[in-house]
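Please read the numbered points with the model in view.

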Amino acid sequence: MSTSRRDFLRIALAAGAGVGLSACGSSGPESSSGAGGGAGSAKGSASYWYLTGEPGEGIRTNTVDRFNKANPKTQIEATTFQNDAYKTKIKTAIGAGQAPTIIWGWGGGGLKSYVDASQVEDLTDWFAQNSAVKDRLFPSSFGAATIGGKIYAMPAETVQPIVLYYNKTNFEKIGAEPPQSWGDIMDLVPKFNAEGIAPFSLGGQSRWTNMMWLEFLFDRIGGTEVFQAVFDGEKDAWSNPASIQALTEMQKLIEADGFIKGFSSITADSNADQALLFTGKAAMMLHGSWTYGSMATEGGDFVSSGNLGYMNFPPVEGGTGDPSDTVGNPGQYLSISAKASDAEKEIAKKFFAESVLSDAENKEWVGAGAIPIVNGTDSLLTGSKDEDWLKFVYATASGANVFAQSWDQALSPTAAEVLLDNIAKLFQLSISPQQYADNMNEVIGT
Amino acid sequence: MTTGAPTTLLTVGHSRAGRTGAVTWMALPALVFFIAFGVIPLLGVLALSFTRWDGIGEINPAGLDSWRVELNDPGLPHALKVTFEVMILSWVVQTPLSILIGVFLASHERYRAVLAVLYFIPLLLSSAAIAVAYKALLDPNFGLGAGLHIGFLSQDWLGKDKLALGAVVFIVSWQFIPFHSLIYQGAVRQIPRSMYEAAEIDGAGRVRQFWSITLPQLKYTIVASSTLMVVGSLTFFDLIFVLTAGGPGDATRVLALDMYKTGFQANLMGPASVIAVILVLVGLGLALLLRRIGGGGASDSQLEGA
Amino acid sequence: MTTTATSVDKPAAVRRPKNSRRQRRRGGPNWLGGLAGWIWLVIVMVPIYWIVITSFKTQANYYAMNPLKPPTSPTIDNYQLVIQSDFAQYFINSVLVTAGAIIPAVLLSFLAAFAIVRGNNWFLTGVNGVFLMGLAIPLQATIIPVYLIIIKLQLYDSLLAIILPSIAFAIPLSVLVLTNFIRDVPKELFESMRVDGASEWATLWNLAFPLTRPALVTVSIYNGLAVWNGFLLPLILTQSPGRRTLPLALWTFQGQYGVNVPAVLASVVLTTLPILILYAVGRRQLLSGLTAGFSK
């Protein structure tokens, strides 16, 4: 009947308008970060995802801009994410087949999970053909990029050892010296608390921040072999006496109120933990060297006036570890998505060869207080405004007997999640060192 | 009021069957949508629980592996415990308060106008917004309590296990008491005055009236509101995700959050699907249980005894 | 059931004398309820007040002054920061998603509800049962297969990815409310339409639609609010900033600016403003919408 046809059209139109509106939305105006709807969509452009947070964010963006200027026909579109959100987002994107062309990462176990799922390009041959690119870089940086003897990522950016920072003014307030050993640390704790200063700032909700403490304690007490056993999949590796001792010492520090009140709800992404240090609410902080740059910019004159002290993590009395060892990120790693088109892959490779760790970029890293993983950077350090800091980082990174990769990046994502979970509980004092060891022993080798 | 009396006797003209044929197709589009994005995913969750998938690579059938892994994981009973704690505590806090406030709102016309405007604002905020705001408010160093220098308020609310759970229950109540009190208000206003008048004549005081008349008459509303609270609390995700991300440690890791973390962070989609199946079963079970307690059809008249 | 339906439409004036008589008749004010009500009002208002005044303070001021005092020199810098952070884009996304989900959801539910009430066969009874069961399914539980389906449909990271599942999950409750409502429409009206020779389709639009309008509004509002405030679907099914909806944007903004409490609270206020405006305009409908189906 004519009436029903008309009415049917009315409904169809209404529903269609609703859906049509939404379809418009999915190809509608883009935000300023220029994401073309996920994987490199426009012809002649590749996509690249990386972390927010200065100074890294700005420097990465500049590198991309330089490349785009030099290559007007083949562009790279960048999208940024916060650290914790990124770790999940990149996985869902890869799983959805919508990974960016260039995948920023930490190498190690995370990279291995991509390799196992055939989601990233094998770059071994490319590096063989482009040896100039390979030879410029720190040889040690290729460790985390190599899975099963093949290279799956381009090492990039900077070495980032974990550093013990301290607020010199706070130390002067109580007339103390920076700690030279674990015993010193435990002694300082009540002294700072009496003054209303938190001994250590910590962004505990992020969990990997807690992990940095354990990485050092394990190393200082029992040497690198302790975690190496875990990584190699040895049974009951976590029940090693050195491991239990480290876990026990950790809880002792927490019980003594060594950390700022509320540390379990402070995230590292918001830089709240850094703020606690440079506003003087906390005396010390164990954190990555990348935070130097953001403290310099956000902390007023905290850094420039020389108020920021830094040192390697002190030894633990009676420990067998080498006090020169350090932990952290031996570099950042850029992989190429195996699902990208050939054109996109070529753009990415060009980017690797030409723009990543170019001289201009290296200068910017140094200017922000970080050491790019390029041979010979030490010559850039003299005369820079952060000379002392840079020389310290360089010495720590290159002088370390062993530079261990962050545990949550070395292990597989599944094991890493259990690890972070148990670390969080350990820091909450809701499980004992023995329980931690039992829980973690169950996932060794996964 | 017209009830569903046997209309076949009253039907004039087209037969019921003919009419049915004409309207049946109308239900199809909704059914299709619901099957596509409701029923199939539900079955899909069951299917996925028998696979091994890391979210990135291929999906591999794995028999009962994921079930074994998940059922042996101590995280699962813990998540169940946390979920039920939140559910029960929030019911215990919300229901009495909502009933009291609902009764109050039902009888005070003047205040109602003022209260109604401000009172229901929490309902309009998204869970994400509420979580973001409370995260700032409860910060032990920079929040409201710290700023006012009130020791009790500036505790490490979100950083200590028990306190975090309490904070979650409080915030949930803050968000939903207005809603439930609205429901109760509507229900109370439907109680016929005649019942109260009769009680007055019998000499019953206000308190007695409340217990003997108001509460029994609210029975079905209590069941409905409780069903909402209980089944709803199973799905808490947004608020807790933004507020504590399940922490500190796993003190607030409810089932839905456990599912998300297991699947999207630990790359264990199989076990995560197992959690999802459990979530569905618990939800269905609770809904049925409450219906049983509520005594069958909500269509029964509540006016018995009027 | 009819009582509630009509109570939405009847003006309050008709009821007022009855209630005040009831109040007097009860003898003595309701102390406990009143106390609870007022205390709870304070508990509700203090955080909201704090949120609003803090959003107008600068970060330095916020740390320095009493948190409950209004700002001495209010600033809109925080709001500007929020808007500069692409919140206009997120707002548009939220509008598109909400409209794109609710309009089809309500229309399709209306059609289905009409069919269920008017028809009588095993199929329609089954359909009704399926929808009723859907009420007890938590949306979160199906998110992993939904993710899979969206990927297979190549809709990942689009607004449609949020819309389609939202429609599906709005249907059960909408059908429940609408069937209840349509059942209250007197049978005689339907009969008279049929006697006039109208088809079911015509009856749907010319009779049921106008009569059901209050419930349609109700259902639209309830579902609209749920979709507007939805977080899980955008979290899992989108990735680009260009596709973000407001609740997700709030979370990322907080992650980035967490230390800057006034800015974070400004984002909360700004994202709630549209709903607040609607609330001011249509409070009665909004509230009746939120309690849809439960007063029955």
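**Notes on the predicted model**

1. In β2(A), A:Thr80 is the bridge partner of A:Tyr50. A:Phe81 of the same strand β2(A) stands opposite A:Leu51. The model is a predicted one, in which local features need pLDDT of at least 70 and side-chain atom pairs count only at pLDDT 80 or more, while totals for chains, interfaces and linings use all residues. Residues are numbered from 1 along each chain as its sequence is written, and chains are lettered from A and ligands numbered from 1 in the order in which they are written.

2. Strand β1 of chain A, residues 45-51, pairs with β2(A) in the parallel sense over seven bridges. Two strands are taken to pair if DSSP finds at least two bridges between them. Strands (E, at least two residues) and helices (H or I, at least four) are DSSP runs numbered from the N terminus. In general, the strands of a sheet pair through backbone hydrogen bonds, either parallel or antiparallel.

3. Both strands belong to an open sheet of five strands in chain A, with the order β2-β1-β3-β12-β6 and mixed pairing. Its edge strands are β2 (75-81) and β6 (154-156) of chain A, each of which pairs on one side only. On average, neighbouring strands of this sheet are turned by 25° against each other, direction ignored; axes are lines fitted to C-alpha atoms, for helices over the stretch in contact, and angles run from 0 to 180 degrees between N-to-C directions.

4. A residue is buried if 20 or more other C-beta atoms lie within 10 Å of its own, exposed if 12 or fewer, and partly exposed in between, with C-beta atoms placed from the backbone. A:Gln75, A:Glu77, A:Thr79 and A:Phe81 point one way from β2(A), A:Ile76, A:Ala78 and A:Thr80 point the other way, and all are buried.

5. Chain A is divided into domain 1 (45-157 + 331-375) and domain 2 (160-328 + 404-442), with bounds that come from an automatic or database domain assignment. The centres of the two domains, taken over C-alpha atoms, are separated by 28 Å. In all, 18 residues of domain 1 of chain A are in contact with 17 residues of domain 2 of chain A, where contact requires that the C-beta atoms of two residues, placed from the backbone, lie within 7 Å.

6. On the side of domain 1 of chain A that touches domain 2 of chain A, α3 (83-95) and α4 (108-116) of chain A each supply at least two residues. The largest share, five residues, comes from α4(A). By class, this side has five nonpolar, 10 polar and three charged residues. Ala, Val, Leu, Ile, Met, Phe, Trp, Tyr, Cys and Pro count as nonpolar, Asp, Glu, Lys and Arg as charged, and the others, Gly among them, as polar.

7. The secondary structure of chain B comes to 15 helices and two strands, whereas chain C has 14 helices and zero strands. Of the 306 residues of chain B, 50% count as buried; of the 296 residues of chain C, 54% do.

8. Between these chains, 96 residues of chain C are in contact with 90 residues of chain B. Helix α3 (residues 31-55) of chain C gives the largest share of the side of chain C that touches chain B, 14 residues. That side has 59 nonpolar, 27 polar and 10 charged residues.

9. Which residues have the most contacts inside the largest nonpolar core? They are B:Val132, B:Leu279, C:Ala112, C:Phe114 and C:Ile171, in a core of 310 residues. A nonpolar core is a set of buried Ala, Val, Leu, Ile, Met, Phe, Trp, Tyr and Cys residues joined through C-beta atoms within 7 Å. Helix α5 (residues 77-118) of chain C provides the largest share of this core, 20 residues. Domain 1 and domain 2 of chain A both give residues to this core, so it lies between them.

10. Leaving aside its neighbours within four places in sequence, B:Leu279 is in contact with residues of both chains, including B:Leu234, B:Met259, C:Pro138 and C:Ala141. B:Val132 is among the buried residues of α7(B). Helix α7 (residues 127-137) of chain B is mostly covered, with 11 of its 11 residues buried. What covers them includes α9 (161-188) of chain B and α13 (261-281) of chain C.
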